[in-house]
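Subject: Structure handover

Hello,

Here is the structure for you to open alongside this note. My notes on it follow below.

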Amino acid sequence: MRHDKKLFQANMPAAKAWAAFLATFLVLLTLGANEPEAGPLRRQKRGWLWKQLFVPEEDPTPRVIGQLKSDSDRGEQGILYVLSGEGAGEAFEIDEYSGEIRTLKKLDREEKAFYVLRAQAINRRTREPEEPQSEFIIKVRDVNDNPPRFQNQPYLAGVPEMSPVGTSVLQVTATDADDPAFGNHAKLIYSILYGEPYFSVEPKTGIVVTSWADMDREAKEQYLVVVQVKDMLGMSGGYSATATVTVDLIDINDNGPIFQHHLYTFAVPEDASVGTTLGKVKAEDADVGVNARMRYTLEAELDQNATFAIQTDPLTQEGVILLAKPLDYESKRRYVVTVDATNEEADPRFLPVDEASDRTTVKIVVDDVDEPPVFLSPFYEWKVAENAAPGTAVGTVGARDGDQADQSVRYSFEKPNEAASLFRIDPNNGTVTVAKPLDRETRAWHNVTIVATETTQKRLWSSVVASIKVLDINDNAPQLAGGYRPYICEGAPAGELIELLSATDPDEPSEGHHFYFSMVPDNNINPNFTIRDNQDNTAGVLARRSTFSRRERIRYFLPVVVTDSGSPPLSATATLTVSVCSCQPEGRCPSGGAEALALSMGLSLQTFVALLVCLLLAAVSSVVVLLLWRRGRKRKKAQKKAAQLELPDVPPRYPEAAREPNGSAPVPLRPHPKRRDRKPGRDRVRASLRASLRQSGLVGPGDDVFRQFILERLEEADGDPLAPPFERPVAYAYEGDGSSAGSLSSLESCGSELPPAPSARSPRVRLSPWYAGATEDTVF
């Protein structure tokens with residue numbers, strides 16, 4: 001931060017001087033504003049006296065830099081001087097009696113160039129100000145204590161090669177944090193320490209320029225230049241700094257391509273495919289980048305221009321020679337071509353036109369290769385009629401051996417297949433003949449691969465495809481287009497169209513199909529139907545009368561003759577079955593399914609559908625009843641299994657109200673009405689009783705288990721609309737202890753003793769269950 005402030009202050013001397021001027025102006029303005037008004041035309045004289053205050057920076061010795069004194073100060077030490085503002089008490093202090101201002105520490109101008117302080121003179125006796133408070137400035141005087149520094153290092157620059165003397169390379173810039181307005185502390189001078197005589201620098205601006213003509217990049221590509229800067233205009237006692245500048249010479253196109261060899265020789269076999277690389281040539285160019293790009297071209301005789309081609313590899317800048325058309329050793333065995341290499345970006349200012357290209361010679365030798373036979377045609381296509389007899393010639397292939405003109409060739413099919421089995425080929429002359437009868441409708445085209453093989457030891461071979469088209473003849477009779485199922489409605493009028501007929505024929509005459517429809521020739525005219533030929537390969541079947549009835553006859557057979565237009569014409573007879581139908585109101589005759597079945601039974605479709613729905617509902621009802629019955633059986637079995645759990649016998653307890661007046665015989669209780677299923681309540685009762693019986697053998701009316709049982713039953717009875725009226729005795733073994741009349745049960749007659757165990761002859765009391773859905777009794 002301190003260094004940045006120094007750089008800023010060194011670059012802004014004018015701003016600081018202007019700031020000092022403004023501060024002085026404000027002090028004077030404040031003093032004028034603080035003077036008391038003596039009248040409209042009078043002004044009180046300022047009583048402050050001081051000298052201009054300066055302090056040198058970097059001085060560690062405390063010293064007096066000035067004195068403030070009021071004109072009312074008579075030397076009796078009656079005035080108190082007070083100092084405040086920037087640096088008061090830290091950097092400066094004032095003698096409260098004499099007004100002398102002293103420094104307290106070393107100051108740095110680059111950190112702070114001036115201080116604004118306020119002074120006040122106060123009467124010690126009255127504590128009243130003798131002079132109004134005013135501001136003043138203490139300026140820090142600069143000393144040369146900062147060396148210059150280069151900015152934006154490291155420096156990299158480029159200049160085109162062959163540049164004239166004085167060409168600007170770049171400008172280096174150094175700054176000095178010292179005050180440029182004071183002495184020569186911040187005045188800089190640039191010079192070259194290393195890099196001469198190729199480069200120099202302007203002393204005041206720091207611009208590096210070339211000082212050597214025709215510097216060649218191909219001789220030396222990079223230079224290092226060391227620039228020195230000094231302050232104090234280079235005089236002794238100043239500071240200095242250095243910076244290194246890396247200067248790259250930028251390439252220009254001042255060099256043309258040069259071939260390293262004047263003759264290139266390549267060999268290529270005669271069976272090389274088009275596009276094969278024969279070889280590469282390269283011309284060297286001392287330039288780099290765009291300036292080294294070149295274009296290769298071929299110059300040869302007219303008949304050789306299309307034989308070879310050359311392309312430039314963009315990465316290696318090589319000329320790649322390619323084969324442009326097939327070679328033949330027997331026709332030509334050697335080629336000589338000329339290759340030119342030319343710069344793409346030639347600049348005539350640096351490179352003459354005659355030096356921008358170079359030339360070399362390329363000789364190409366063709367090597368002989370034993371080649372297979374070559375067919376005279378790359379593809380064969382023949383035609384043969386499908387009724388051609390076996391032995392009929394279809395076509396002939398021909399092949400020759402390019403190596404030896406008199407070399408014999410043998411012909412054969414490539415491999416046995418369906419097409420090859422239909423034809424034969426003469427192995428000597430290549431004639432293909434028909435071997436089996438042909439059928440165009442089965443297959444219209446046959447492709448066979450014919451192989452020509454040398455008779456030499458190597459037995460080289462080649463193949464060609466021959467396509468054989470089978471020509472059509474009229475050898476198939478026409479047929480009706482589809483499986484027609486015509487019908488006629490009862491009561492249909494005469495002349496009604498029953499069916500529209502069309503025909504197909506697998507033959508394909510060149511002029512297209514034309515079919516003729518007619519009745520079977522007969523001595524008598526068909527009284528029921530007739531056929532009308534529409535002359536567009538369709539015909540209509542019409543009714544001749546209107547008295548058709550299913551009671552009379554349900555179907556008629558109608559023969560139809562279809563004839564084609566071939567030469568000779570062929571015909572075929574098809575028999576149509578015409579059904580008599582009881583048609584729907586919209587004139588539709590059902591052909592099958594539920595609708596046809598209903599009609600065959602003499603029922604309407606609606607009646608038939610209703611019967612089906614009834615049968616379906618009956619089946620569903622039977623399934624539901626069966627499921628309910630099985631569910632009831634499962635429930636009864638579960639209840640019976642639960643009733644088989646044995647509980648200890650309990651002595652019979654009769655409510656006294658249920659006895660006879662003489663107390664001899666019990667009064668039968670009123671049957672309890674069936675109530676809703678309370679299976680969950682029953683389970684809870686059984687569980688509680690079993691638990692209590694397991695815990696103790698002595699269970700009486702005072703036991704908590706019974707008391708809780710009665711409370712639960714009372715709560716259930718209160719909420720059950722089917723509960724019995726409680727003015728009648730209830731079949732409970734215990735009524736509770738809350739009655740004022742006491743219990744009517746005989747259980748309490750034993751006191752706290754256990755009741756006598758029932759004998760084998762003593763009857764067991766069976767209480768009817770109070771839950772719905774149960775059929776067995778529970779023994780308590």
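Strand β40 (residues 529-533) runs antiparallel to β41 (residues 538-543), and five bridges join them. Strands here are DSSP runs of E with at least two residues, helices are runs of H or I with at least four, both numbered from the N terminus, and two strands pair if DSSP finds at least two bridges between them. Phe529, Ile531 and Asp533 form the covered face of β40, while Thr530 and Arg532 form the uncovered one. In a regular strand, side chains alternate between the two faces of the sheet.

The model is predicted: local features need pLDDT of at least 70, side-chain atom pairs count only at pLDDT 80 or more, and totals for chains, interfaces and linings use all residues. Residues are numbered from 1 along each chain as its sequence is written, and side-chain values use heavy atoms, with hydrogens and water left out.

An open sheet of mixed pairing has four strands in the order β19-β26-β25-β22. Its edges are β19 (263-269) and β22 (294-299); each has a single partner strand, so one side of each has no neighbour in the sheet. β22 is joined by six bridges to β25 (residues 334-343), and the two run antiparallel. Tyr296 is opposite Ala341 in β25.

Buried means under 20% relative accessible area, exposed over 50%, and partly exposed in between, with a 1.4 Å probe and protein chains only.

Two residues other than glycine have a positive phi in loops:
- Asn152, near 60°, sits between β9 (149-150) and β10 (155-160) and is exposed at 66% relative accessibility.
- Gln317, near 55°, sits between β23 (308-312) and β24 (319-323) and is buried, with a relative accessible area of 15%.

There are also cis peptide bonds to proline. One joins Glu196 and Pro197, with omega about 5°; Pro197 is in the loop between β13 (189-194) and β14 (199-201). Another joins Ser567 and Pro568, with omega about 0°; Pro568 is in the loop between β42 (555-563) and β43 (571-581).

Regards
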